[in-house]
Amino acid sequence: MRKKIVAGNWKMNTTKPDGVELAKAVAAGASKVPAGVGLIVAPPFTHLCAVGKALAGSGVELSAQNCADHEKGAYTGEVSVDMLKAVGCQWTILGHSERRQYYGETDEKLVEKVRLALAGGLGVILCVGENLEEREAGKHFDVCSAQVKNVLYNFTAEDMKKVVIAYEPVWAIGTGKTATAEQAEEIHAHIRKVLADKFGAEVADDTTILYGGSCKPSNAKELFAQPDIDGGLIGGAALKADDFIQIALSF
Ligand code: PGA
């Protein structure tokens with residue numbers, strides 16, 4: 001049985017004190033969430049350590065929002081997998097559309113990042129998703145399968161045990177426009193098929209696929225009721241602990 005997960009991507013929001021307060025509120029709310037639902041928060045790098053401490057004992061796991069594509073060395077401004085592990089991270093988000101769009105993150109770079117993250121013992125939340133132009137041109141299935149193949153087809157079935165996929169249509173991120181449950185479900189099912197083609201049905205069945213893009217308490221239930229939607233990667237609504245916990249109670 002694949003795991004249900006609700007992950008909060010805080011992006012470049014909160015200062016350290018705000019982040020610690022938010023994490024404490026999430027940790028307190030986590031006791032209401034059934035054991036079968038994994039909770040993850042991804043604060044900015046600067047407060048990973050403090051947020052990790054605030055989450056201690058709550059079962060809520062800690063994620064980075066990105067990691068470097070090199071192990072160590074002269075890469076000014078970058079943060080390595082080892083550094084993330086040393087402050088208690090269990091996960092990293094990779095390939096978020098904001099990283100692809102604003103920071104030139106390519107599938108080739110992502111292969112390297114995923115490789116380093118998995119080798120260093122981090123779980124990976126790999127984001128894929130089409131932009132508005134691609135959706136309007138009817139290319140959404142192809143764009144998502146290409147992103148999945150370009151990155152994940154370089155890995156093994158064993159590696160896939162540590163990989164979660166987040167389908168995040170770019171036109172739905174931070175826009176208030178959510179994909180309908182049907183639009184999200186058809187892409188999730190498609191991604192699962194792309195996984196099955198390479199890794200077999202069992203791996204495809206066991207891989208958690210999250211939906212992201214204006215997911216909130218009012219629409220989470222309908223989205224999570226879909227057979228191939230295993231939870232959410234939450235941006236804006238993850239900045240309010242009550243909303244985040246409410247979303248995690250929507251299965
Ligand atoms: P949003 O962001 O929930 O604010 O749309 C989701 C994401 O980018 O992960």
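**Helix packing and ligand surroundings in a predicted model**

Residues are numbered from 1 along each chain as its sequence is written, and side-chain values use heavy atoms, without hydrogens and water. Helices are DSSP runs (H or I, at least four residues), numbered from the N terminus.

**H5 and H7**
- Helix H5 covers residues 107–119 and helix H7 residues 140–152; their axes are 8 Å apart and the packing angle is about 45°. Axes are lines fitted to C-alpha atoms over the stretch in contact, and angles run from 0 to 180 degrees between N-to-C directions.
- H5 and H7 are therefore oblique to each other (angles under 35 degrees count as roughly parallel, over 145 as roughly antiparallel, 65 to 115 as roughly perpendicular and the rest as oblique).
- Asp 107, Leu 110, Val 111 and Val 114 of H5 make the contact with Ala 146, Gln 147, Asn 150 and Val 151 of H7 (heavy atoms within 4.5 Å).
- Five nonpolar, two polar and one charged residues form this contact of H5 with H7 (Ala, Val, Leu, Ile, Met, Phe, Trp, Tyr, Cys and Pro count as nonpolar, Asp, Glu, Lys and Arg as charged, and the others, Gly among them, as polar).

**H1 and its partners**
- Helix H1 (residues 16–30) and helix H2 (residues 48–55) have axes that come within 8 Å and cross at roughly 25°. That angle makes H1 roughly parallel to H2.
- In H1, Lys 16, Gly 19, Val 20, Ala 23, Lys 24 and Ala 27 meet Ala 50, Val 51, Ala 54 and Leu 55 of H2. The contact of H1 with H2 has seven nonpolar, one polar and two charged residues.
- The axes of H1 and helix H11 (residues 241–248) come within 9 Å, crossing at roughly 35°.
- Leu 22, Ala 25, Val 26, Gly 29 and Ala 30 of H1 touch Ala 241, Phe 244 and Ile 245 of H11. By class, this contact of H1 with H11 has seven nonpolar, one polar and no charged residues.

**Ligand**
- The ligand is surrounded by 13 residues (each with a heavy atom within 4 Å); the closest are Lys 11, His 96, Glu 168, Gly 174 and Ser 214.
- A side-chain N or O atom of Glu 168 is 2.7 Å from an oxygen atom of the ligand.

Notes:
This is a predicted model: local features need pLDDT of at least 70, side-chain atom pairs count only at pLDDT 80 or more; totals for chains, interfaces and linings use all residues. Helices (H or I, at least four residues) and strands (E, at least two) are DSSP runs, numbered from the N terminus. A polar contact is a pair of N or O atoms within 3.5 Å; within protein, one must be able to donate a hydrogen and the other to accept it, and residues adjacent in sequence count only if both atoms are side-chain atoms.
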